[in-house]
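These are my notebook entries on one structure. I set down what I looked up, in the order in which I looked.

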Amino acid sequence: MSLVFIDESGDVGLKIESGSSPYFVVTLVVFQNEASARSADNTIANLRTRMGVSENFEFHFSKISNKHRLSFFKEVNGIEFSYYSIVINKRGLTGPGFSVKESFYKYACKLVLTNAAAALRESTVVLDGCGSREFKRELCGYLRRAVNNPAAEFVAIKKLKLQESHRNNLIQLADMVCGAVGRSFSDRPDKDEYRKWLRPREKRVQFWPK
C-alpha cells in the first residue's frame, strides 16, 4: 500500500499581467510503504531540533529562508520517496473551464495523479485540508472516478484524507518539493539551487501545455 501526499505552488488565477503566477504546480510525493513514510516523518522532526527551531516550525518553501531550504533538501536527499509534478503553463490554456478555480485545481490534481497511477497501489492520498470542506469532498470523489481504472486488478486510490499542513511533516515535504520544482521554472537567481537535491527522487515533471 502506497502513501501519497499532495501540495501545490502558485495560484490558479489567469490574470498574469495583474499579478497571478505564470505557472501552477501540483506535486505528489509517494512512499511505497508505511515504514518509509514514518522514517521520513521522523527525519523531518529531528531536523527541526538540529536546526534549533521550534517543534511547530513549518517547512513552507515560500516562507522560509534559503539557509533553511538548503538544510531541508540536503536532509531529505537520503529519504526513500519518489515524486511527480505537473507544471501548468497558464499562458497556454484555452477553454472556459480553466477560469473556474475549483475546476482548474481538480483538473491539475487529476493530471499529476494520472501520471503517477502506475506507482499507486491501494493508495491513501493525503491533501492539505485548507479550503472549503465541501469542495475537498467533491475533489476526493472526482479524483477517485478520474484515476481509478475499473478494469485494473487493484485500485490506484483507495482512500483520500484531508489534513492541515502545519500538523503533517509529509505534506510539508510535498510543499517543499513543489516549491523547488516551481522555482526551477522561474528566472530567479536560485532557480537551480534546490531541485538538484531531489533529482534521485524525481520520476516525472510534466510541463503542460507546451
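How many bridges join strand E2 to strand E3, and do the two run parallel or antiparallel? I found eight bridges between E2 (residues 23-31) and E3 (residues 82-89), and the strands run antiparallel.

Before going on, I noted that this is a predicted model, in which local features need pLDDT of at least 70, side-chain atom pairs count only at pLDDT 80 or more, and totals for chains, interfaces and linings use all residues. Residues are numbered from 1 along each chain as its sequence is written, and side-chain values use heavy atoms, with hydrogens and water left out.

**The sheet.** I then read the strand order of the open sheet, which has six strands, as E5-E4-E1-E2-E3-E6, with mixed pairing. Strands pair if DSSP finds at least two bridges between them; strands (E, at least two residues) and helices (H or I, at least four) are DSSP runs, numbered from the N terminus. The edge strands, each pairing on one side only, are E5 (157-163) and E6 (202-208). From one strand to the next, the twist averages 20°. Helix H4 (residues 133-147) packs on the sheet and touches strands E4 (123-128) and E5, contact being heavy atoms within 4.5 Å. The direction of H4 makes about 160° with that of E5; axes are lines fitted to C-alpha atoms, for helices over the stretch in contact, and angles run from 0 to 180 degrees between N-to-C directions.

**Helix H5.** I noted 16 residues, 169-184, in H5. At the start of H5, a side-chain oxygen of Asn168 comes within 2.8 Å of the backbone nitrogen of Leu170.

**Aromatic rings.** I looked up the aromatic pairs and found 18; rings of Phe, Tyr and Trp (its six-membered ring) pair if their centres lie within 6.5 Å, and planes under 30 degrees apart count as stacked, over 60 as edge-to-face and the rest as tilted. Phe59 and Phe72 form a tilted pair, 4.8 Å centre to centre with 45° between the planes. Phe59 lies in the loop between helices H1 (34-51) and H2 (66-76) and Phe72 in H2, so the pair ties together parts that are 13 residues apart in sequence. Both Phe59 and Phe72 are buried.

**Pro200.** I located Pro200 in the loop between H5 and E6. Is Pro200 buried or exposed? Pro200 is exposed, at a relative accessible area of 55%.

Technical notes:
The expected span of a helix is 1.5 Å times one less than its number of residues. A polar contact is a pair of N or O atoms within 3.5 Å; within protein, one must be able to donate a hydrogen and the other to accept it, and residues adjacent in sequence count only if both atoms are side-chain atoms. Buried means under 20% relative accessible area, exposed over 50%, partly exposed in between (1.4 Å probe, protein chains only).
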